[in-house]
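Please read the following report alongside the sequence and the coordinates.

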Amino acid sequence: MKTRFCYKLAGAGLAAAVLFTGASAQAEFKERTFRVSNGVSKEHPMGNGLAAMGACTLEKTGGKMKIQAYWDGALGNDLTATQSVRTGSLEMVLTSTAPLTSIVPELGVFDLPFLFNNEQEADQVLDGKAGEWFAAKLPAAGVINLAWWENGFRHTTNSRRPITKAEDFEGVKMRVMQNNIFIDTFKELGSNAVPLAFSEVYSALETKTVDGQENPFNNIENMKFYEVQKYLTLTKHAYSPTLVLFSKKIWDTLSPEEQAVLKDCAAVGQKEQRKVNREKSEISLANLKAQGMEVNEITPEEMARIREKAQVIYERHGKAIGDEALTLVFEELKRVRGN
């Protein structure tokens, strides 16, 4: 009887321990809703990424932590939303690196023209030690980068004429991101570069305030720029990473377990977002052709001339970016390319 009694006590203790552990695990997560600002519509691949991240977050926290997305710049453009995240009045923003260069100048390296040749190069650089190095710069600016997603390779559109050579850029009023390197790049090509927030681009094109703009295929289709643009040129002049930024002020109030879930789930979202973005890119190009856009390719010889003209941008902006950032990225690219 004594043996059986001890066994029952041990069993009861084990059950209590399991219940206690379960309760502790649940206590690690509080009821939280994280608002996310984004400049594109829900149908964009960013929507797929956020859906995957949100489902992961719900699953890992027993439904306690929720991701609430806001689209089409409803919470402000990239600059204003990023500032809200820095001050802690907004939890998250999805933004390209370009609007952040005034805060973290080193990020300007990703705005340099023709830096990456393909997505695989970008993935290996951003997901490796270079990406970690840049992410480590961000907490001092009041933000945490949870993962690197993507806008993808950018191409030019305009309503004036086909662009098939460097001289065709001359005199075209081109909307660019609010970023000195993009402004300078298109000025160097002969365009009148006009910096505007993404949310203002369609109306500027419609009213002929600007003649053209530059964006990835998905953005061009998603924002219906084909309604106000005739010519699409496959320039592939820049690759735009997207940062999943979280407010450091709010981050510091989260438990280590909550922080780990957000990082893990942002990585889940990254995988889905990149996959869908790349799948939809070619579909978007076909759709843009079907909508009546005239698609122009540039010959390798002419593209070499354009690249040559753009080389001065590296020299002109290298000092602001800094040698450490440039060296790190260029060394990583050499490693990735095997040369």
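## Basis of the model and overall dimensions

The model is predicted, so that local features need a pLDDT of at least 70 and side-chain atom pairs count only at pLDDT 80 or more, while totals for chains, interfaces and linings use all residues. Residues are numbered from 1 along each chain as its sequence is written, and side-chain values use heavy atoms, with hydrogens and water left out.

The protein chain has 12 helices and nine strands, where helices (H or I, at least four residues) and strands (E, at least two) are DSSP runs numbered from the N terminus. Its C-alpha trace spans about 95 × 40 × 35 Å along the principal axes. Of the 339 residues of the protein chain, 53% count as buried; the term buried stands for under 20% relative accessible area, exposed for over 50%, and partly exposed for values in between, with a 1.4 Å probe and protein chains only. Among the contacts in the protein chain with a separation of 6 or more, 77% are accounted for by residues 24 or more positions apart, a contact being defined by heavy atoms within 4.5 Å.

Strand β8 covers residues 231-247 and is mostly covered, with 16 of its 17 residues buried. Strands are said to pair if DSSP finds at least two bridges between them.

The pairing of β8 with strand β9 (residues 294-296) is parallel and comprises three bridges.

## Packing of α2 against α10

Helix α2 (residues 45-60) and α10 pack at an angle of about 150°, and their axes are 7 Å apart; axes are lines fitted to C-alpha atoms, for helices over the stretch in contact, and angles run from 0 to 180 degrees between N-to-C directions. The two helices α2 and α10 are therefore roughly antiparallel to each other, given that angles under 35 degrees count as roughly parallel, over 145 as roughly antiparallel, 65 to 115 as roughly perpendicular and the rest as oblique. The contact involves residues of α2 including Pro 45, Met 46 and Gly 49, and residues of α10 including Leu 262, Ala 266 and Gln 273. By class, this contact of α2 with α10 has 11 nonpolar, six polar and four charged residues, where Ala, Val, Leu, Ile, Met, Phe, Trp, Tyr, Cys and Pro count as nonpolar, Asp, Glu, Lys and Arg as charged, and the others, Gly among them, as polar.

Gln 273 lies in helix α10 (residues 256-290) and, at 0% relative accessibility, counts as buried. Not counting residues up to four places away in sequence, Gln 273 touches Pro 45, Met 46, Gly 49, Trp 149 and Glu 150.

## Packing of α4 against α12

Helix α4 (residues 119-126) and helix α12 (residues 323-337) pack at an angle of about 125°, with their axes 10 Å apart, and α4 and α12 are therefore oblique to each other. On the α4 side the contact is made by Glu 121, Gln 124 and Val 125, and on the α12 side by Glu 332, Leu 333, Arg 335, Val 336 and Arg 337. These residues of the contact of α4 with α12 divide into three nonpolar, one polar and four charged.

## Individual residues

Leu 146 is placed in strand β4 and is buried, with a relative accessible area of 7%. Leaving aside neighbours within four places in sequence, Leu 146 is in contact with Met 53, Met 92, Val 244, Phe 246, Trp 251, Leu 262, Lys 263 and Ala 266.

Most residues other than glycine have a negative phi. Lys 236, which lies in strand β8, has a positive phi of about 50° although it is not a glycine, and it is partly exposed, with a relative accessible area of 34%. Lys 224, in the loop between α8 (217-222) and β8, has a positive phi near 60° and counts as partly exposed at 42% relative accessibility.
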